[in-house]
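I opened the model to look up its charged pairs.

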Amino acid sequence: MNLTCPHCQTVFEVDQNHYADLLQQVKTAEFEREIERRLKEIESRHKAQEEVMKLKLEAESKRLIEAQERRNSDLAAEVSRLKNQIAGFDAAKKAELSQLELQQQLKIQKAQADAKDKMAELELKVSQLNSQLANEKTIAKNAELELKKNHEILLKAKDEEIDRLKDMKSRLSTKMLGESLEQHCFNSFNEARSNGLFLSATFDKDNDASDGSKGDFIFRDFIGEEECISIMFEMKTEMDTTATKHKNEHFFAKLDKDRTAKKCEYAVLVSTLDADNEFYNRGIVDVSFHYDKMFVIRPQFFIPLISLLTRATKRSAGEIISLRQEVAKAQETSIDITNFEAKIDKFKSSFIGHVEAHLKKHNDAIDAIDTAISNAEKQIKQLQKVKGLFEDSLKKLEAANSDIQDKLTIKKLTHGNPTMRAKFSDARK
């Protein structure tokens, strides 16, 4: 068999046995070269794959680390934001509560100041009333002293008047005495009026006998347009030489009837009767135990009695008017105090309602914050769990990388495989 050398193109002849040996040698060399080539390809591919895997592992590790760091940063930022939000909310609620407390304090202070002013005003009124009462007591005391002084003067005048009347009676008839006594009283009233007394009063002759009887004079005095006092007067006198002697009691019933018919409050008998009776000679005698509000006086006490009754009545009327005014003021004050207390109660109720509403909102906000914190804690735990998974994954990747570095070698791959170890050894040679 002829063979041609591929290099020198020399043709040489071989027999069948030599050809089989040559063929066997060629096959063995080709196989070994193919093995070596493939091992190199495998090793090269393995190194390339190893580099790619390493790069991929490094990139993935870097990406995971960056992602974890970013998540950690975002988580820290979110936690910081929640903390800042909670702190801001607490500060806002504290500021709101502080503002509410300040408004409450200002309102309470204003209410206290108003109450203090009202109390000061009431105390001033009480002080003024006490001062007025003291002045009235002083005036009453002075009036009492003046009355005593006038009484002494009148007692002296009484004796003089009695002497004058006795002299007059010795010269006048009974009819003339009666007329003279009426004229005396009428003149006394007009004289008193000319001196500035009884300017708002009337003193008129009673000429109305429609009921079959009439008195002598009717006195009426007024405060404004309202009548405050009225007096029915009857004048009685007689001569000492008159055979039939009359007594004052004989005229009480008629005087009371005339007083009632003319709607007068008081009844006064001006009398010189019972001249020797010391009971009536005292001057002004109250006989209300016979008939209500009835007096018997001697002529010289005509003006003093009117003055006393008018002053007492007007003072009482003035006190009643003043009392009405004070009652009205007290009622206004009571209404003011009641309104003030009602405003305080309304304010307290409104304020407590606002406080309770804000407290509820505050508690709801705190619950929401607690829920947010709880959710954040859950998210943190979840993120920590994910972080743990990433860390475990990183550890496994690092372990895989370590395995590739440590175990993916020709020596370790051919351990326990002498054929492959020999092939690699031969290939290296």
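I started with the salt bridges (a side-chain nitrogen of Lys or Arg within 4 Å of a carboxyl oxygen of Asp or Glu). By this rule I get 12.

The model is predicted: local features need pLDDT of at least 70, side-chain atom pairs count only at pLDDT 80 or more, and totals for chains, interfaces and linings use all residues. Residues are numbered from 1 along each chain as its sequence is written, and side-chain values use heavy atoms, with hydrogens and water left out.

Entry: D114 and K110. Their side chains form a salt bridge at 3.2 Å, N to O. Both sit in helix α1 (residues 16-169), 4 residues apart, which means about one helical turn between them. I took helices as DSSP runs of H or I, at least four residues, and strands as runs of E, at least two, numbered from the N terminus. For burial I used relative accessible area: buried under 20%, exposed over 50%, partly exposed in between (1.4 Å probe, protein chains only). D114 is partly exposed at 33%; K110 is exposed at 54%.

Entry: K254 and E234. The closest N and O atoms are 3.6 Å apart in this salt bridge. K254 is in helix α3 (residues 252-261) and E234 in strand β5 (residues 226-236), 20 residues apart. K254 is partly exposed at 31%, whereas E234 is buried at 4%.

Entry: K247 and D274. I find this salt bridge at 3.7 Å, N to O. K247 lies in the loop between β5 and α3, D274 in the loop between β6 (266-271) and β7 (284-286), so the pair ties together parts 27 residues apart in sequence. D274 is buried at 14%.
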